Amino acid sequence: MGLPGVIFALALVTVGTALDNGLMRTPPMGWLAWERYRCDIDCDNDPKNCISEGLFRDMADRLAEDGWRELGYVYVNIDDCWSSMKRDKQGRLQPDPKRFPGGIPKLARYIHDRGLQLGIYGDLGTHTCMGYPGTTIDKIETDAQTFADWGIDMLKLDGCYSNATEQEKGYPLMSKALNATGRPIGYSCSWPAYQGGLPPKVNYTQLGEICNLMSLQPVAGPGRWNDPDMLLIGDFGLSVDQSRSQMALWAIMAAPLFMSNDLRTLNSEARTILQNKGAIAINQDKMGVQGRRLLKEKYGIEVFWRTLSNSASALVFFSRRTDMPYRYTTSLGKLNYTAGSYKVYDVFSEKLMPGLSDSTDFTVSINPSGVVMWYVIPTVPLDQSLMRGGEYPNFRRKYRVSSQRSGVELPFPL
């Protein structure tokens, strides 16, 4: 998904009802096969990169041994093309026997033994998007129980080869079936992508009640996250600046952080961005309020804002320009911050900056298609600032400020 669609979604924040399975209270993080490996099933000629149990074991090893797990990257997610072309004699899905000779339960144990979790892909239709067996309405309970028996921790349910009526019935049924297994299984629904993505065609209140992850939806919050899809950082095609932009926008959106790259050969620049503790802390903030766009300037600069725990906030200055770095001048007061003084941490330069008052003009230099990302906290607690007469913009008043800290340690003193 491109940045324009992501940015549009940031403006659609409301309050909804969470899926009551107790899972994914902060955005899930991990690794997903699709964007990097697609449907490569040629294990004879490409054994290191084909969709096979070896690939997923390799990625689990990297998550466990290279510092990813400790930062929160714990999911190893299988996407399409994992299954046999036929169900077994009992009508159950089964993995391709050549590429997954040990079976999914053995792979799940390998991943669980490393303190990680295993996700899998299904499709609410006659076939998956790549032509493998799908989950028709009559197979929902069977497949949910199969996934639970295998030790699966998350299911992504696509919607190829199904119609609107089947989707309206099937997605809620799968949510119910997963819960009925007794195993906690996170549930990612692709339903909105097949219904136009926006109300009135999509009932986001209902989605928030049945799904943990959805596509571009306006009811983001703990247990029900807006999912703009995979992080391409470290894969092919993105510059360093574009990679920082994706990380910043996903963090400000409180979106899942699922990498799709080769962790075995990841370059140092991509690793530094993906393991940036400031960006992760913003993404994982326990308030779970999705950010929004404050300003869209006519000269190609956009400003995004997200409220965080401890009266803090995050700012992203994003450039759509393609010509040269742009020097953008503003002040916190012009961005509707209350009167007072603030501490500022620059997330990607990893530097604590000189303090700012709301009235102090500052200038940030933003590279083409790049970002500057700040973590901002008042030097005086928010409630005291408000007693002194400072005023936040109306959209902030919708949210209760929590004193609960994020579960991720910040890389700088508050």
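Modeller: Helices α3 and α5 are roughly parallel to each other. Their axes cross at roughly 10°, and angles under 35 degrees count as roughly parallel. Bear in mind that this is a predicted model.

Colleague: Where do α3 and α5 sit in the numbering, and within what distance do their axes come?

Modeller: α3 covers residues 53-65 and α5 covers residues 103-112. The axes come within 10 Å.

Colleague: Which residues make the contact?

Modeller: From α3, they are E53, F56, R57, A60 and D61. α5 brings G103, L107, Y110 and I111. By class, that contact has 5 nonpolar, 1 polar and 3 charged residues.

Colleague: OK, new topic. What is the volume of the largest pocket?

Modeller: The largest pocket has a volume of about 320 Å³. Its lining has 18 residues.

Colleague: Which of them lie nearest the centre of that pocket?

Modeller: K156, S190, S215, D227 and D229.

Colleague: And which elements give two or more residues to the lining?

Modeller: β4 and β5 (186-189) do. β4 gives the most, with 3 residues.

Colleague: What lines the largest cavity?

Modeller: D80, C81, W82, S83, L93, Y121, G122, D123, T128, Y132 and P133. That makes 6 nonpolar, 3 polar and 2 charged residues.

Colleague: And the second largest cavity, what lines that?

Modeller: L32, N77, I78, D79, G119, I120, Y121, M154, L155 and K156. β3 (117-123) and β4 (154-158) each supply at least two of the lining residues. Its lining divides into 6 nonpolar, 2 polar and 2 charged. Y121 is in the lining of the largest cavity and in that of the second largest cavity. K156 lines the second largest cavity and is among the residues nearest the centre of the largest pocket.

Colleague: Last thing, confidence. What is the mean pLDDT?

Modeller: The mean is 89, with 86% of residues at 70 or more. Over residues 1-18, though, the pLDDT is below 50. That stretch has 51 contacts in the model beyond near neighbours in sequence.

Colleague: Where else is the pLDDT below 50?

Modeller: Over residues 384-406. Beyond near neighbours in sequence, that stretch has 50 contacts in the model.

Methods. Residues are numbered from 1 along each chain as its sequence is written. This is a predicted model: local features need pLDDT of at least 70, side-chain atom pairs count only at pLDDT 80 or more; totals for chains, interfaces and linings use all residues. Side-chain values use heavy atoms; hydrogens and water are left out. pLDDT is the predictor's confidence in each residue, from 0 to 100. Contact means heavy atoms within 4.5 Å. On a 1 Å grid over the protein atoms alone, a cavity is a set of points where a 1.4 Å probe fits but cannot get out, and a pocket is an open set with protein on both sides within 12 Å along at least five of seven lines; lining residues have an atom within 4 Å of a point. Ala, Val, Leu, Ile, Met, Phe, Trp, Tyr, Cys and Pro count as nonpolar, Asp, Glu, Lys and Arg as charged, and the others, Gly among them, as polar. Helices (H or I, at least four residues) and strands (E, at least two) are DSSP runs, numbered from the N terminus. Axes are lines fitted to C-alpha atoms, for helices over the stretch in contact, and angles run from 0 to 180 degrees between N-to-C directions. Angles under 35 degrees count as roughly parallel, over 145 as roughly antiparallel, 65 to 115 as roughly perpendicular and the rest as oblique. Grid points are joined across faces, edges and corners, and a volume is the space filled by probe spheres set on the points.
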